[in-house]
Amino acid sequence: MEKILTKKSFPAWIKKLQSYTVYSPEKQENLWSYEVIQNPDKLNLEHLNTVLAPKKIIYPQREIFLQFNTSKEGKPQIKEVLPEEHPAVIFGVRPCDAKAITLTDKVFGEEPKDPYYWSRRNQTILVGLTCNPPPSPNCFCLSVGGSPHSKEGLDILMTDMGDKYHIDSLTKKGEKLIKAAENLFKPASSKDKKELEKIQRESEKKIKREVKDIKNIPDKLKDMFESPFWDEEAMSCIRCGICTYLCPTCFCFDITDELTSTLPLKGKRVRTWDTCQFPDFTMHSSGHNPRPDKASRLRQRMLHKFQYHVENYQDYLCTGCGRCISLCPMGIDIIEILNKVIDHE
Ligand code: SF4
Ligand code: SF4
């Protein structure tokens, strides 16, 4: 269902969505972040890449799994804490970040399914925005099977057409959202559709960075496990973990028990994001660490994204958002590494 919505009418649409928690990118000082919309009249969809992808809404950085304590009689008591059921809509989702959610869906959808992830995921509607221009100079979605106007994972794709938006409703969830304010939308004309195609073609030309010969990367990586290449590439890494914490496709986590009292025993079990770039990530209780240095950890990041995930799920664990390049404090650039892998003898 293709519709047109004037920019003037956009706040009125948001105001009709009171039964949802509505998120959109918000500029905080110089950085963009997905936040709950407080004032629909101030909505701005001209955002650059948000620091954290909308993944943080479906799979938060920290969440409580269960609470435990001992009763007066000394018996252990455990209470599961499932997320509150509340429908949400996220506006302004970049196509690469929506694709990333389809990748985490597959991982958290393996049996046994993750009830914490799915209770939020099932209730979240993703409203995307065509990237024109791209939100980062380091975008390379075209190299990893995406595009600035990809619909994958989205319920609606919006495209900025000057004083109006082209609205492409892609799922039942998306149609429901439009029906909430049907009178605000007009059908898209054939002229609108032609203009849309032109915008989409132009948006692709604006993606300047690329990985060459990416199809051969998984095989090249297989042969480079023992290569000194990884020592050289990881030399400047300060193991801050930014590249993985900010990645929309990374899903690793740790589970810890936090005690709030020892007598009586009281506490909670908490899941927090973790990263393969930290030395403790693979530390065994024996003291042995199979990935003891920066080189083996960088190699793990690259092989997981471009070899192991391809073998297991037939897709790269990277959607080309460019965050790990733009935000690495040491300028380590995943595109440069991949292009060097291709040239590696
Ligand atoms: S962001 Fe850069 S410096 Fe930090 S862990 Fe990743 S590669 Fe290393
Ligand atoms: S690996 Fe880097 S470019 Fe790829 S999705 Fe993650 S943060 Fe984005």
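By class, how many nonpolar, polar and charged residues does the shell around ligand 2 have? The shell has 6 nonpolar, 4 polar and 2 charged residues, where Ala, Val, Leu, Ile, Met, Phe, Trp, Tyr, Cys and Pro count as nonpolar, Asp, Glu, Lys and Arg as charged, and the others, Gly among them, as polar.

Before going further, please note that this is a predicted model, in which local features need pLDDT of at least 70 and side-chain atom pairs count only at pLDDT 80 or more, while totals for chains, interfaces and linings use all residues. Residues are numbered from 1 along each chain as its sequence is written, and chains are lettered from A and ligands numbered from 1 in the order in which they are written.

**The two ligands**

Stay with ligand 2 and select the residues that surround it, which are Cys 247, Pro 248, Thr 249, Lys 305, Cys 318, Thr 319, Gly 320, Cys 321, Gly 322, Arg 323, Cys 324 and Ile 334; a residue is taken as near a molecule or strand if its C-beta atom, placed from the backbone, lies within 6 Å of it. Next select ligand 1, whose surroundings include Cys 237, Cys 240, Cys 243 and Cys 328, along with Arg 239 and Gln 277. The shell around ligand 1 has 9 nonpolar, 2 polar and 1 charged residues.

**The two domains**

Now colour the protein chain by domain, with residues 2-205 as domain 1 and residues 214-343 as domain 2; these bounds come from an automatic or database domain assignment. The C-alpha centres of the two domains lie 26 Å apart. Their contact takes 31 residues from domain 1 and 28 residues from domain 2, two residues being in contact if their C-beta atoms, placed from the backbone, lie within 7 Å. On the side of domain 1 that touches domain 2, the elements giving two or more residues are strand E4 (62-70) and helix H3 (95-108), where helices (H or I, at least four residues) and strands (E, at least two) are DSSP runs, numbered from the N terminus. E4 gives the largest share of that side, 9 residues, and the residues of the side divide into 15 nonpolar, 10 polar and 6 charged.

E4 and E5 are joined in the antiparallel sense over 5 bridges, and the bridge partner of Thr 70 in E5 is Pro 76.

E11 and strand E12 (residues 266-273) run antiparallel and are joined by 8 bridges, forming a hairpin with 4 residues between them. Within this pair, Glu 258 has Lys 268 in E12 as its bridge partner.

**The sheet of eight strands**

Move on to the open sheet of 8 strands, which has mixed pairing and the order E3-E2-E6-E7-E8-E9-E1-E10. Strand E3 (31-36) and strand E10 (186-187) stand at its edges with a single partner strand each, so one side of each is left without a neighbour in the sheet. Inside it, strand E8 (residues 156-160) and strand E9 (residues 164-169) run antiparallel and are joined by 5 bridges, with Thr 159 standing opposite His 166 in E9.

**Two last residues**

Select Lys 173, which is found in helix H5 and counts as partly exposed because it has 19 C-beta neighbours inside 10 Å. Leaving aside neighbours within four places in sequence, Lys 173 is in contact with Ile 125 and Asp 155.

Finish with Glu 202 in helix H6 (residues 190-205), an exposed residue with 12 other C-beta atoms within 10 Å. The C-alpha atoms of Glu 202 and Gly 331 are separated by 29 Å, and the two residues are 129 residues apart along the chain.

Definitions and conventions
Two strands pair if DSSP finds at least two bridges between them. A residue is buried if 20 or more other C-beta atoms lie within 10 Å of its own, exposed if 12 or fewer, and partly exposed in between; C-beta atoms are placed from the backbone.
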